[in-house]
Amino acid sequence: MVSLASVPARAAARPIRSRTADAAVFVGTAALVWLLVRVGSGASVPWTVDTAPPSASTDPANLPYYAARSLLRMFIALGVSIVFTFVYATAAARSRRAEKVLVPALDVLQSVPILGFLSITVTGFIALFPGSQLGLECASVFAIFTSQAWNMTFAFYYSLKSQPRDLDEASRLLRLSRWQRFWRVDLPGGMIPLVWNGMMSFGGGWFFLTASEALSVNGHQFALPGIGAYVAAAGDNGELGRVGLAILVMIALVIAVNVAFWRPLTAWAERFRVEESESAEAPRSLTLEVLRRSRLPRLVGRPLGHLVYPLDRVMAVFGVADHPLRTPVARRRLGDVVFAAAVAAIIGYGAYRAVRFIHDGVGFAEVGHAGLLGLATFARVAVVVVVSTLIWVPVGVWIGMNPRVSRLAQPVVQVLASFPANFLFPLVTAALIATGVSLDIGGIVLMALGSQWYILFNVIAGASAIPNDLREAAANLGLPTALKWRRLILPAIFAGYVTGGITAAGGAWNASIVAEVVTYRGQTLTATGLGSYITAATADGDWGRILVGVMVMSMFVVGTNRTLWRRLYVLAERRYSPA
């Protein structure tokens, strides 16, 4: 039976306790709590639509506070995304009927551009918290959530679907409850891809930070205190020096988050690797080492450990992680018919209302116009995915299969992937204006900067998850490079690549919203495409064109997923899933 590998000997050895580590953890925790209180208090200040500032201040003295506010929004959105991922992906993977609805719905949700969500939710959140900035904060966090959650959900869903068969059988034989199976089998088995895709999703959130903090919705301009709104205001004013200063602060912030959060998390997640032999060199983290040497985490965790058994008893009401060996055919078919009828009724009613709204508003000729614009954006997305595949698959395999290279390259990759490329848009726009290059071409580069990293991160995760005993067997057999790629590497990374490809394509579609319309010093460049169409409609508050643009983009994305990516998912599950 395949088992979860134990932590390598040097990592599993009991660390030497240190009072210095205790002091460092205590001071760090106290500073973190103080920052949360200090920064969080600014989210509920009095605020109204009429008095809301249309842009953020570009005073460099505000940058540290703005960076802290943005970082708080990012982590709140990450927490919500994790909860959503656990619930949604588990339901889709464990329920046959739910899977038929939830997976296509996830395709649609991923295809809806961030401005599509903002145009709907901003007014609702503001009405939910009248007279307080908290409503706009919630709208911003929700927008960031929509840029993080889908990739993580796809990754965790696939890890559940491709779970080794013997682990599934062991869970059923041991009669684990659904709660126990999730925490003891499902989550550990999907931890490595979840962490890597969490890093990538966090980077995706940075990319859309400007759109979520500097809002132009329904004819109104809103700006929240944040580094994204700072860059947007500095770019509009043509203040390249202050844009450069914000870029430096952003690089420092990304490195700090990597050192203090993501690097320790990736090193800790290595304990969940599935293999029978130990890796020659495990990832290391100074922050994790300090936490392991401190007594404080253990003192806090010991009382919480006593809650495990009572929680298991309480959550046993959700049933056992098993399914009946035999279900009456008539009963199953009746349930399928009722379920399909309910789903069809809901979809039919929604489609009727949408068609009626378009017919009474902009007319169906607008759908054809948006479709032609969608073809232009689709061509850019295809170029981005193909070129990213050719470049980053070999690089990702090289990084993932070499622990020493991974330790050195991972921080660099994380900085590049997490750095919001649209912070560079003012500089790129100035260069395009100076050289006369059309944004129809330059937009491809801008879209690639915001989406190519999904492929790289998923390939790294797939390559690093190759069991060490298989690597050793390939080395001992002296396999030629071509045969090694065909028989070991490509089958091992295929599932990860498919996840990366589908999210990269969806990310490129979303990136078109900010890549097809860029502004510098009052001069706006616009590319022909569906992204610029939706951006203009959102700024004007034209609900008919917003609906048409979102529907057409969703049809392009879902159609591509159904005809290409979903078939590759099935191929990965049938041929390359570990048995």
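User: How is the chain divided into domains?
Analyst: This is a predicted model. The assignment gives domain 1 (18-44 + 52-274 + 282-319), domain 2 (326-355) and domain 3 (362-578).

User: What separates the centres of domain 1 and domain 3?
Analyst: 21 Å, taken over C-alpha atoms.

User: And how many residues does the contact take from each?
Analyst: 58 residues come from domain 1 and 63 residues from domain 3.

User: What area is buried there?
Analyst: About 5,300 Å² between domain 1 and domain 3. Carbon and sulfur atoms give 65% of that.

User: Which residues in domain 1 lose the most area to domain 3?
Analyst: Tyr158, Trp196 and Phe207. Together they account for 15% of what the domain 1 side buries.

User: Switching to helices. How do α6 and α9 cross?
Analyst: Helix α6 covers residues 134-161 and helix α9 covers residues 191-207. Their axes come within 8 Å and cross at roughly 160 degrees. Angles over 145 count as roughly antiparallel, so α6 is roughly antiparallel to α9.

User: Left-handed or right-handed?
Analyst: The α6 and α9 crossing is right-handed.

User: Which residues make the contact?
Analyst: From α6: Ile144, Ser147, Gln148, Asn151, Met152, Ala155, Phe156 and Ser159. From α9: Pro193, Leu194, Asn197, Gly198, Met200, Ser201, Phe202, Gly204 and Gly205.

User: And by class, what does the contact of α6 with α9 have?
Analyst: Eight nonpolar residues and nine polar ones. No charged residues take part in this α6 and α9 contact.

Notes:
Residues are numbered from 1 along each chain as its sequence is written. This is a predicted model: local features need pLDDT of at least 70, side-chain atom pairs count only at pLDDT 80 or more; totals for chains, interfaces and linings use all residues. Side-chain values use heavy atoms; hydrogens and water are left out. Axes are lines fitted to C-alpha atoms, for helices over the stretch in contact, and angles run from 0 to 180 degrees between N-to-C directions. Helices (H or I, at least four residues) and strands (E, at least two) are DSSP runs, numbered from the N terminus. Angles under 35 degrees count as roughly parallel, over 145 as roughly antiparallel, 65 to 115 as roughly perpendicular and the rest as oblique. A crossing is left-handed if the near helix is turned anticlockwise from the far one by less than a right angle, and right-handed if clockwise. Contact means heavy atoms within 4.5 Å. Ala, Val, Leu, Ile, Met, Phe, Trp, Tyr, Cys and Pro count as nonpolar, Asp, Glu, Lys and Arg as charged, and the others, Gly among them, as polar. Domain bounds come from an automatic or database domain assignment. Buried area is the accessible area (1.4 Å probe) that two parts lose on being put together, summed over both.
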